[in-house]
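Dear colleague,

Please find below the structure that I am handing over to you. I would be grateful if you could look through it before reading the notes that follow.

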Amino acid sequence: MAKYLLLKHYGHGPERMPSHVPMTEWAPEDVDAHIAFQIQLADELRESGEFVDAQAIGPEVSYARFGGTGQAPVVTDGPYPESGELVAGWFLVDVESRERAVEIAARASSAPAKDGKPLFEWIEVRQILEMDPPSADA
Amino acid sequence: MEQLLRDLSPQVLAVLVRRGTPFAAAEDALQEALLQAWSRWPETGEPDNPRAWLITVASRRLVDSTRSEVSRRRREDLVALEPEPGPTEQNDDTLRLLFLCCHESLSPPSAVALTLRAVGGLTTQQIATAFMVPESTMAQRISRAKKSLTGVRFGAPGDLALVLRVLYLIFNEGHRGSVDLVAEAIRLTRLLVRPSRSEPEVLGLLALMLLHDARRPARYLANGSLVPLDHQDRSRWNTARIEEGVLALQTALAADRLGEYQAQAAIAALHDDAATPEETDWPQILSWYDELLAIHDTPAAALSRAVAVGEVDGPQAGLASLSAVEPRLPAWHHRLHAVRGHLLERSGDKEGAATAYARAATQATNIAERDHLTRQAARLQAPPTTTPP
């Protein structure tokens with residue numbers, strides 16, 4: 001088993017998605033259908049015994065860094081990354097193979113969007129590192 | 001008391017399932033009986049026959065949950081009629097349960113979870129902790145596994161190879177917080193060992209586990225960093241484990257029916273046998289890799305063989321052997337680049353080795369190996385220390 005983080009972005013992934021319309025411009029019922037789909041997908045993953053976590057995160061970005069010994073942290077609220085690069089949320093799944101992780105990502109990408117059409121968004125698939133190698137490896 | 005209950009759990013479960021109770025219902029009833037044991041025994045003391053006590057309580061629970069009077073009477077009759085089985089039969093029951101939990105209809109992760117639950121007697125919470133998933137997810141995985149077994153006859157002939165594979169998977173999960181899956185795998189594998197008529201591969205797997213686990217005390221530094229075999233403090237290896245592993249391996253090999261676990265255990269034994277890395281009998285290790293590949297030709301084994309070739313015939317021969325394996329490995333396989341780094345360094349190509357280690361580090365699937373590979377690359381890329389005048 002391996003854990004994969006399936007990252008959702010606001011908009012584009014490896015390529016620009018010119019047809020991307022912000023959710024705030026969808027019909028309310030399309031928004032409802034989209035959210036219902038996310039809940040349903042999480043339920044499916046619970047049912048299949050693969051669910052670890054699902055979260056949505058807000059788009060507001062602050063940057064913070066060490067300010068130097070004895071100094072206050074340095075905080076800035078900009079410049080903002082391009083909206084498409086922002087992480088919107090994730091599913092964390094525990095699955096048998098990378099293929100299965102990709103399958104779930106594709107399902108997540110099929111979420112209904114504006115006018116009930118699939119969103120076709122790119123989902124970023126990243127493997128979570130285990131702590132240790134197998135007990136017998138040399 | 002905890003150990004006793006863990007030992008008895010699979011036996012009680014097996015009795016219930018053998019009587020025709022569906023797996024899930026039998027498990028529920030067993031849990032109820034265990035709960036009652038936990039709450040009552042500390043006050044009343046352990047019953048004379050704890051196993052019979054648990055079976056009776058679990059059966060009563062099953063009866064309670066069944067509305068049909070007929071089936072209730074039938075079950076009670078069965079309880080009354082059934083003779084108390086001897087120790088061998090109890091062990092046989094546990095083994096039948098183990099084979100059932102490793103049935104071919106289950107995916108390996110499902111079989112691992114169910115085996116730990118039903119035969120290992122671990123709680124769902126412990127298994128969830130070990131695999132770092134929510135308890136509800138693990139409960140669901142186990143519940144689905146049980147459902148998949150509906151209709152599979154208890155005691156039907158099972159596939160030993162599948163059981164051994166599941167046990168080896170459990171072993172390789174290692175230590176997860178409070179749950180020691182290495183110890184659990186060894187304990188379960190021991191259940192399969194019979195004094196006189198053990199399958200050689202059962203002993204081979206047991207030997208493989210013991211011979212690897214023997215090095216555990218030297219495998220990590222206090223800060224958690226991984227120590228490769230040739231840098232381990234061999235005085236810290238567990239000699240009792242090695243002796244037991246070697247004995248199991250010798251017994252297995254005497255049967256003259258070689259299998260992949262025996263061959264891997266033989267390689268582990270040769271490493272364990274060397275007091276220093278220089279004393280390692282690499283020619284013998286290489287010939288065991290040839291045996292292993294003849295039985296089961298996997299890219300991982302071929303990769304390890306390239307290391308042995310490098311030790312026996314020199315790094316250039318090792319690199320040539322590696323090139324032959326490369327097309328068979330997925331592009332992201334970090335061990336390929338780790339082995340290449342090792343061989344390049346031995347051949348004197350520091351720069352190439354550093355590049356290979358760095359590439360391996362980006363592809364590692366666990367933190368301990370990634371950090372180790374990162375240190376290897378950093379060590380080779382560090383500017384040469386200037387000698388003071």
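The notes below cover a strand of chain A, and then a serine and an annotated domain of chain B. Please bear in mind throughout that this is a predicted model.

Strand β1 of chain A spans residues 2-9. Of its 8 residues, 7 are buried, so the strand is largely enclosed by the rest of the structure. β1(A) is paired with strand β5 of chain A (residues 87-95) in an antiparallel arrangement, joined by 8 bridges. Within this pairing, A:A2 lies opposite A:V95. β1(A) also pairs with strand β6 of chain A, which covers residues 123-127. That pairing is antiparallel as well and comprises 5 bridges; here A:L6 faces A:V125 across the two strands.

In chain B, B:S225 is located in the loop between α12 (216-219) and α13 (239-254). B:S225 has a relative accessibility of 10% and, because buried means under 20%, it counts as buried. Its side chain forms a polar contact with the side chain of B:N223, at 2.4 Å. Leaving aside residues up to four places away in sequence, B:S225 touches B:R219, B:Y220 and B:R375.

Finally, an unreviewed UniProt entry places the feature "domain: RNA polymerase sigma factor 70 region 4 type" at residues 97-149 of chain B. In the model, this stretch is 74% helix and 0% strand.

With kind regards

Conventions. Residues are numbered from 1 along each chain as its sequence is written. Chains are lettered from A and ligands numbered from 1 in the order in which they are written. This is a predicted model: local features need pLDDT of at least 70, side-chain atom pairs count only at pLDDT 80 or more; totals for chains, interfaces and linings use all residues. Side-chain values use heavy atoms; hydrogens and water are left out. Buried means under 20% relative accessible area, exposed over 50%, partly exposed in between (1.4 Å probe, protein chains only). Helices (H or I, at least four residues) and strands (E, at least two) are DSSP runs, numbered from the N terminus. Two strands pair if DSSP finds at least two bridges between them. A polar contact is a pair of N or O atoms within 3.5 Å; within protein, one must be able to donate a hydrogen and the other to accept it, and residues adjacent in sequence count only if both atoms are side-chain atoms. Contact means heavy atoms within 4.5 Å. UniProt positions are given in the numbering used here, feature names are shortened, and annotations may be inferred rather than shown by experiment.
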